[in-house]
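Hi everyone, thanks for making the time this morning.

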Amino acid sequence: MSFGRLCSFSVVKLFLRISNSTDLILRPLGTNATAEQAICQSQVQSVPNTKREYLENLLLQQPLSSPDARVLKVAVIGCPNSGKSSLVNMLTKWKVCAVSGKAHTTRSKQTATYFQDNVQLAFVDLPGLVGRSKASRFKLEKTFIRDPHSAIFDSDLILVVIDVSHKESREVLHEEIVKALHFFNDKESVLVLNKIDRLSKNPTRLLDIARKLTGGIVHGRRSHIDRYANRFKRQAKLADTTHHLIPPNELIAARLPAVCHQTTNKFLVYMNNLLAQIESTQVDVDITDSKLIPDNMVEKKSLSDAFLKDHFLNEMEEHRDAFFDCHNIPGNDKLMPSDSQSLHKSKAEINQLLLNTCGESNQILDANSDSDHIDSMLETLKQQLLLQTASPEEVCNRRNRWLEITKSTKGVTKWLGFSEVFMVSSFIGDGIDKLRDFLVSKAIPTRSWILPPTMITDQEPTELIRMCVWSHCLNKLQQEIPYSLHIIVDDCDKIKLDSGDDRVYIHVRIRCKNERQLLRVLGMKGNTIKEISSAVKLELMTMFRCNTVVKLTAELFKIDSNIKKKLRRTQDFSEVFPVNDRLE
């Protein structure tokens, strides 16, 4: 073996071809065989599998729309790993967004479209919202700060995705989500509770999660979910008038047994007789009786009828208690109200209670730490197509408004401006059709298509392939290794089309920083890179709807000096890279 081949940057090259690949059934998500056949015959939509096809669809085909066309652009925001990309794939019925089980899979914005009759829904899949401190700590790209805000500026509706299986996300809204919703308060926002399949054992918990995140208010009114909890107590507090309600004594009397009514009637007769005796009795006190005159009295005084009535009424209370003690019925204590004053709350107290429930304590704190973050964000936004025409005064006003919102939203954990709440599962598809129909009904008429009808996404094939390999590296590799890899797509073309071979040949290089990462990517006898290649091949065949040939190459980003020394001294390649750690 020559020394030049030993010093080559390419350490291992793996060429995989899955036999009988033409027998695979390739169909988009959410479609059956009938729908697949109809789509294949019409060839209305597809994902370009080469750069030439992508440029032809994007540049040559103008997105001309019909007069009755309706369009809705939706910005999908949320915390990292909340299922935004999976939700977009289910809504578009096509897996074009990279998905993995780890956070920060999506690194930049991507638009995916869905057509239904004359309606086009454009979903903008965005990276997870992160703060400036987290972005600098994990060395994230500028797209994590730039893309979410630039996409929301140009969107018609905001879709806020929440992972209900995450403990912190289901209790409070993330501060970056709250700031974005307050900054773009003129746009309609919809709350989507995702991953409800993980709470299948306790579905009623979703109502409490929705109440915490919305404050119990959806579309400017009290949410219908409050009807299922404390219905009688809520009606008593929120009722403006009480003449429609049945008095408590009638409710209690209707549920008492017959013996209670008989005993009560006997007691009423006894009380009437006692009152008659009180009214017919007159008592005069003589001044000559010194025992009845107190020491502080200096003149004659007669006891009035009111004094006698109070005296006898006290005795009557004692007789009443003794009467009911003798006629006590087991279980009656449960029927009597514990606090009579709770039934006579004033209307002012009720209104004050509602204000305290719906109000928010906005704690104004110092936000100078976010000033640098805002400056960098706005500077990047000015370079976008949307903000190129913005004047310096307008940019300054937006910056000042963002600072004010940052101060005023400190401590705010909910948003009262959601128009609807949907509970879906992007894994098994529950609630997806209902959400899609709602978005179709919100489409705006007399607007032109965002993308040509033949295109599903605005991403180039090379970028789709790169993100596909990246997502599978995240799933197969552990710890921090996949986040430090550099993936390069060299070839993506039908190089043998002249000879009748319409397969797409793809070559991807996975560049590693050190030998440790290289060995992890390869795996024992190349098993890890084999699994990654097989998974990438199947996903690309489903995405492109054509047969593909995938070639993955793992290599070092920079040859270490120690390896160079070993290669110069050695006479056998296996002494540097043992047989057990490489593909034979």
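Predicted model: local features only at pLDDT ≥ 70, side-chain atom pairs only at ≥ 80, totals over all residues.

Let me pick out a few of them.

Take Glu141 and Arg107, whose side chains form a salt bridge at 2.9 Å, N to O. Glu141 sits in the loop between helix 5 (132-137) and helix 6 (143-153), and Arg107 in the loop between helix 4 (84-92) and strand 3 (110-116), so this pair ties together parts that are 34 residues apart in sequence. Are these two buried or exposed? Glu141 is partly exposed, at 35% relative accessibility. Arg107 has 14% relative accessibility, and because buried means under 20%, Arg107 counts as buried.

Next come Lys212 and Glu171, with a salt bridge that is also listed at 2.9 Å, N to O. Here Lys212 belongs to helix 8 (residues 205-214), while Glu171 is in the loop between strand 5 (157-163) and helix 7 (175-183), so the bridge ties together parts 41 residues apart in sequence. Lys212 is partly exposed at 39% relative accessibility, and Glu171 is partly exposed with a relative accessible area of 34%.

In the salt bridge between Glu188 and Lys442, the closest N and O atoms are 3.5 Å apart. Glu188 is in strand 6 (residues 188-194) and Lys442 is in the loop between helix 16 (432-441) and strand 10 (444-445), which puts the partners 254 residues apart. Glu188 is partly exposed at 25%, and Lys442 is partly exposed at 32% relative accessibility.

There is also a group of four: Asp490, Arg509, Arg511 and Glu555 are joined into one network by salt bridges that share partners.

Let's turn to the backbone. Lys93 is partly exposed, with a relative accessible area of 24%.

Arg545 is another residue other than glycine with a positive phi, near 60°. You'll find Arg545 in the loop between helix 19 (527-544) and strand 13 (548-556), partly exposed with a relative accessible area of 22%.

That's my tour, and I'm happy to go back to any of these on the screen.

Technical notes. Residues numbered from 1 in each chain as written. Heavy atoms only, no water. Helix = DSSP H or I, 4+ residues; strand = E, 2+ residues; numbered from the N terminus. Buried < 20%, exposed > 50% of the residue type's maximum accessible area, 1.4 Å probe, protein only.
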